[in-house]
Amino acid sequence: MDSLIEVLALRDNVQSHWATKTNRASWSQEQRLSDRAYCAEIGRIATVSLYDELSLYPKPGLVSLVDNGSHDDMTAATFLRSLFSLRHYFVRMAEAGMRQQPFFTLKLLGIAAEKRMMFATGGVNTHRGAIFAVGLLCAAAGVCRAQKILISASSIRAALVGEWGAELQRHAQDIKGSSHGIQVANRYAASGAREEAALGMPSVFDIALPMLKATFGKTDCWERARIDALFALMASVSDTNVYYRGGSFGAQMVKTCARDFLARGGTGSADWREYAISCHRRFTEKKLSPGGAADLLGATCFVSRVEERFGRHSLLPLTRERSRRLNEGGSAK
């Protein structure tokens with residue numbers, strides 16, 4: 001009898017062991033599916049955020065769905081082709097961030113994305129700055145996921161600086177190359193996207209995002225919020241795109257127009273749209289295009305959208321199976 005009891009106990013232990021192991025494997029698989037869903041959502045938000053920038057009007061000197069601004073070589077259709085080519089890149093950057101890959105890996109992903117963009121646009125640079133800025137923010141959102149940190153603007157920024165700050169500093173100091181940004185930095189001592197990233201994107205987190213939130217809080221209008229954020233960026237950023245096209249005079253003209261717009265009350269002024277359109281005409285006449293500010297606006301929209309999507313909810317989006325079990329009153333684990 002004692003032997004039978006021991007055999008039954010052994011059987012129960014074995015069954016319990018395999019049940020536990022099976023449950024752990026099931027949870028591990030479910031976690032991987034949930035992680036993939038998270039990265040896919042981050043990539044989707046990144047693409048939508050760049051469309052937030054493209055679809056905005058009036059944007060002084062910039063391409064929109066209304067006109068081509070100061071550009072003869074690109075249209076809104078060019079930007080849409082570019083966006084379509086980049087949609088998987090942002091997902092891969094989130095995945096790389098989740099695995100906490102080194103900056104070198106992120107850089108390789110960015111180079112590959114830039115090649116896809118140039119192929120899609122026929123050699124036109126539509127989103128090079130956004131590939132860098134928004135791509136880094138996607139990776140930082142991935143780090144937050146890996147570290148089980150609640151998503152917020154501050155946690156994304158902390159992840160960016162904490163994970164790749166030193167490497168970004170070295171990248172900012174490398175001024176070799178022939179890009180427009182590097183040429184301008186060498187000629188005018190103007191800061192660019194590299195310096196912005198190395199400092200934790202202060203133009204996004206300290207200037208544009210507070211303006212975006214403040215205007216949206218007062219007006220509940222996403223259009224006005226983006227307009228005010230863009231003008232705040234133009235008023236403060238040393239935009240290498242503007243320096244390349246218009247030199248110091250053009251850069252000062254952009255900042256003066258943007259500061260005047262904000263001093264008049266921004267979109268709180270009754271004639272804000274007419275004033276913004278007048279700036280657009282002046283910039284177009286001088287062939288000025290604040291593309292750096294546009295890229296940072298896209299990055300700002302990304303942070304705002306990610307914070308809204310994940311900041312108030314569980315860090316771990318539910319798969320269908322976990323959601324079903326919760327709805328039935330069971331455990332989600």
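Student: At what angle do the axes of helix H9 and helix H10 cross, and within what distance do they come?

Tutor: Two packed helices are described by the angle between their axes and the distance between the axes. In this predicted model, the axes of H9 (residues 222-236) and H10 (residues 240-263) come within 7 Å and cross at roughly 135°.

Student: How is the orientation of H9 and H10 to be classed?

Tutor: Angles over 145 degrees count as roughly antiparallel, and 65 to 115 as roughly perpendicular. H9 and H10 are therefore oblique to each other. Their crossing is left-handed.

Student: Which residues of H9 and H10 meet?

Tutor: From H9, the residues are Ile227, Asp228, Phe231, Ala232, Met234, Ala235 and Ser236. They meet Val254, Lys255, Ala258, Arg259, Phe261 and Leu262 of H10. By class, this contact has nine nonpolar residues, one polar residue and three charged residues.

Student: Let us turn to a loop residue. Where is His127 placed, and is His127 buried or exposed?

Tutor: His127 is in the loop between helix H3 (103-121) and helix H4 (128-146). Buried means under 20% relative accessible area. His127 has a value of 3% and is therefore buried.

Student: Next, the backbone. Is the peptide bond from Tyr57 to Pro58 cis or trans?

Tutor: The bond from Tyr57 to Pro58 is cis, with omega near 5°. Pro58 is found in the loop between helix H1 (2-54) and helix H2 (76-98).

Student: What is the phi of Lys148, and where does Lys148 lie?

Tutor: Lys148 is not a glycine, yet its phi is positive, at about 55°. Lys148 lies in the loop between H4 and helix H5 (153-173). With a relative accessibility of 64%, Lys148 counts as exposed.

Student: What is the phi of Lys287, and how accessible is Lys287?

Tutor: Lys287 has a positive phi of about 60°, although it is not a glycine. Lys287 is placed in the loop between helix H11 (272-285) and helix H12 (291-310). Its relative accessible area is 34%, so Lys287 is partly exposed.

Technical notes: Residues are numbered from 1 along each chain as its sequence is written. This is a predicted model: local features need pLDDT of at least 70, side-chain atom pairs count only at pLDDT 80 or more; totals for chains, interfaces and linings use all residues. Side-chain values use heavy atoms; hydrogens and water are left out. Axes are lines fitted to C-alpha atoms, for helices over the stretch in contact, and angles run from 0 to 180 degrees between N-to-C directions. Helices (H or I, at least four residues) and strands (E, at least two) are DSSP runs, numbered from the N terminus. Angles under 35 degrees count as roughly parallel, over 145 as roughly antiparallel, 65 to 115 as roughly perpendicular and the rest as oblique. A crossing is left-handed if the near helix is turned anticlockwise from the far one by less than a right angle, and right-handed if clockwise. Contact means heavy atoms within 4.5 Å. Ala, Val, Leu, Ile, Met, Phe, Trp, Tyr, Cys and Pro count as nonpolar, Asp, Glu, Lys and Arg as charged, and the others, Gly among them, as polar. Buried means under 20% relative accessible area, exposed over 50%, partly exposed in between (1.4 Å probe, protein chains only).
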